[in-house]
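Hi,

Here is the structure I said I would pass on. Have a look at it first, then read my notes below.

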Amino acid sequence: MEKILNKIKEYNTIIIHGHQRPDGDCYGSQFGLQDIIKETYPEKKVYVVGEKCDYVAFLGEMDEISDDVYKNALVIAVDTATLERISDKRYNLGAFFIKIDHHIAVDNYGDYAYVDSNAPACAEIITKFYMTFKKELKLSIKGAKALYTGMVTDTGRFRFDSVTSKTFIAAAELLDNGVNIEEIDKKLSIETVRTLKLKGNILLNFECSNNGFVYYKMTRDIINKYEVTDEEAAANVSTLGNIEGCPVWALIIEYPNEIRIRLRSNGPDVDKLANKYQGGGHAKASGAKLNDWSQLEEFIADADFLVKNYKENN
């Protein structure tokens with residue numbers, strides 16, 4: 001962390017990247033880190049780039065910058081396990097590249113890399129960075145709100161087993177900086193009529209394998225029928241959680257150019273299964289990809305076998 005701080009001090013232009021299809025933790029980490037740097041070093045130019053996330057758009061807007069801004073710039077990628085997933089491929093145009101992440105290390109990219117796979121959210125790592133150098137660094141209410149949002153979304157509102165006392169200590173630090181819990185909870189809890197109807201379709205039409213792997217195929221036809229965005233569709237991954245006897249579940253989503261799997265578990269580790277299908281992530285929350293729909297049957301069989309083994313040994 002001290003080496004990262006020294007690099008931040010060294011560069012006058014800093015560009016912060018996130019991952020494709022960003023979530024609350026990605027946005028929270030990007031805008032939280034930006035706030036720390038801008039509040040501490042107001043003379044520096046700090047940009048946040050990448051794709052838009054409507055769900056947490058209240059945290060800030062992405063910057064649009066030209067290629068020449070990257071010249072002699074420090075580039076930091078947050079919450080992104082692999083180079084392939086970084087949003088905005090210009091990350092390699094900078095002078096120095098840093099990775100800050102909490103996913104299981106698959107792609108060890110960057111000139112510096114700070115990875116803590118025990119942290120339930122990248123925003124917790126950024127908060128820890130602030131707390132470690134608190135005598136020197138500054139954080140505004142805006143940045144604290146971003147970091148808290150990142151933590152609360154990636155921990156399932158502090159319900160996942162990856163949450164530790166360190167998570168709550170970090171959250172307490174952000175509350176002391178002015179975070180309004182009720183305000184953020186209201187923003188994150190709002191649902192449209194369209195998304196509620198889609199959720200109803202998921203609950204009526206999900207499928208379950210012989211041993212208890214639960215899944216739902218979300219085709220383009222379904223996404224178009226309910227007039228939801230891909231982001232709104234993917235947000236339903238928790239809808240099938242907590243079904244008795246079904247410790248592993250997934251949303252299989254058909255995007256315009258690929259089929260992606262959002263894979264979750266409250267029992268067996270699923271990251272190795274995701275690795276087999278061009279993905280990865282956390283032990284209990286991972287992402288994967290299918291080449292086409294014909295591969296789905298194989299994936300279901302592998303997931304079912306994983307659940308079977310888990311139940312036989314627990």
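Which residues touch the most other members of the largest nonpolar core? They are I8, I14, L33, I76, I100 and F129, out of the 49 residues in that core. A nonpolar core here is a set of buried Ala, Val, Leu, Ile, Met, Phe, Trp, Tyr and Cys residues joined through side-chain atoms within 4.5 Å. Buried means under 20% relative accessible area, exposed over 50%, and partly exposed in between (1.4 Å probe, protein chains only).

Before you go on: this is a predicted model, where local features need pLDDT of at least 70 and side-chain atom pairs count only at pLDDT 80 or more, while totals for chains, interfaces and linings use all residues. Residues are numbered from 1 along each chain as its sequence is written, and side-chain values use heavy atoms, with hydrogens and water left out.

Leaving aside neighbours within four places in sequence, I8 is in contact (heavy atoms within 4.5 Å) with I14, I37, Y41, K44, L74, I76 and F129. There is also a second, separate core of 19 residues, with Y215, A288, L290 and A303 among them. In soluble globular proteins, nonpolar side chains tend to be buried together.

Now the rings. The structure holds 10 aromatic pairs. Rings of Phe, Tyr and Trp (its six-membered ring) pair if their centres lie within 6.5 Å; planes under 30 degrees apart count as stacked, over 60 as edge-to-face and the rest as tilted. F129 and F133 make an edge-to-face pair, 5.6 Å centre to centre with 70° between the planes. F129 counts as buried because its relative accessibility is 6%, and F133 counts as buried at 16%. Elsewhere, F213, Y215, Y277 and F299 form one aromatic cluster.

Last, the sheet. Strands (DSSP runs of E, at least two residues) are numbered from the N terminus, and two of them pair if DSSP finds at least two bridges between them. An open sheet of 5 strands has the order β2-β1-β3-β4-β5, with parallel pairing. Its edge strands, β2 (45-49) and β5 (112-115), each pair on one side only. Strand β1 (residues 13-17) is joined to β2 by 5 bridges, and the two run parallel. To find one of those spots, look at I15: its bridge partner in β2 is Y47.

Happy browsing!

Terms used: Helix = DSSP H or I, 4+ residues; strand = E, 2+ residues; numbered from the N terminus.
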